[in-house]
Amino acid sequence: MDALPSFYDDLDGFRAEGWRRLAEGVTNRYSPFHTPSLATVDAAGRPRLRTVVLRAADAGAGALRFHCDRRSDKAREIAENGLAALHVYDGRAKLQLRVEGRARLHQDDAVADAAWGAALTMSRICYGVEPGPGTALTAGDAYTMPDEDPEARIGRENFCAVVLSAERMDLLYLDRRGHRRAVFRRGTETWTGTWVAP
Ligand SMILES: Cc1cc2nc3c(=O)[nH]c(=O)nc-3n(C[C@H](O)[C@H](O)[C@H](O)COP(=O)(O)O)c2cc1C
């Protein structure tokens with residue numbers, strides 16, 4: 001039988017493992033943590049879900065960053081109520097992570113400029129799609145993408161960096177010898193956590 005992971009009965013270690021996996025997901029595109037599901041809430045209170053690419057994970061600040069088009073539903077929903085959550089299940093690690101908190105759109109500030117500056121051209125081009133995401137089309141191909149942009153500015157006006165400030169993290173580790181689940185809440189700067197029944 002496999003050895004138990006070091007975080008199995010270590011609450012702080014369990015939280016650290018969640019952030020370690022998130023950080024790894026930023027750089028490892030094969031990790032399930034690279035492409036979490038993002039939940040938002042629409043104006044009618046309905047849940048909305050989609051995949052995003054995780055771009056940054058700052059354990060110290062309790063912050064996660066992803067990018068989106070400001071014309072998208074998710075951008076509108078975040079602008080309206082700021083509610084957001086991310087979910088990942090990593091089957092190999094047998095680990096489910098859920099993070100809930102407040103999300104903020106960055107369009108014309110240093111956070112957005114830095115994120116845009118670090119984005120690859122192939123990613124930037126997506127923000128130049130016309131018409132904007134979610135617009136009904138007369139045919140599947142009735143939209144345009146910009147050519148590769150020598151100035152690399154096309155799409156910048158539609159680009160948003162989104163920072164999710166974590167308020168709650170829920171981790172579930174599956175093991176036949178007994179699952180482990182913990183919930184962590186973030187105050188101004190520190191986390192408090194407790195084991196909970198799985
Ligand atoms: C693997 C994968 C990665 C994606 N990454 C992003 C992303 O980082 N940002 C984004 O806005 N949409 C991303 N999408 C597209 C969204 O899942 C979604 O279809 C689109 O953004 C429209 O969402 P909305 O109408 O809810 O705003 C990705 C989709 C897939 C399948």
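Modeller: Just after α2, glycine 82 takes a positive phi of about 70 degrees; helices here are DSSP runs of H or I, at least four residues, and strands are E runs of at least two, numbered from the N terminus. This is a predicted model, where local features need pLDDT of at least 70, side-chain atom pairs count only at pLDDT 80 or more, and totals for chains, interfaces and linings use all residues. Residues are numbered from 1 along each chain as its sequence is written, and side-chain values use heavy atoms, with hydrogens and water left out.

Biologist: Which residues of helix α2 are buried?

Modeller: An α-helix has 3.6 residues a turn, so residues three or four places apart point the same way. In α2 (residues 73–81), the buried ones are Lys74, Ala75, Glu77 and Ile78; buried means under 20% relative accessible area, exposed over 50%, partly exposed in between (1.4 Å probe, protein chains only). They fall within an arc of 165 degrees seen down the axis of α2, so they line one face of the helix. The arc is taken from the directions from the helix axis to the C-beta atoms.

Biologist: How many disulfides are there?

Modeller: A disulfide is a pair of cysteine sulfur atoms within 2.5 Å. The whole structure has zero. The sulfur of cysteine 68 is 4.7 Å from its closest cysteine sulfur, in cysteine 160, too far for a bond.

Biologist: What does arginine 50 do at the ligand?

Modeller: A polar contact here is a pair of N or O atoms within 3.5 Å. A side-chain N or O atom of arginine 50 is 2.7 Å from an oxygen atom of the ligand.

Notes
Polar contact = N/O pair within 3.5 Å; in protein donor to acceptor, adjacent residues only side chain to side chain.
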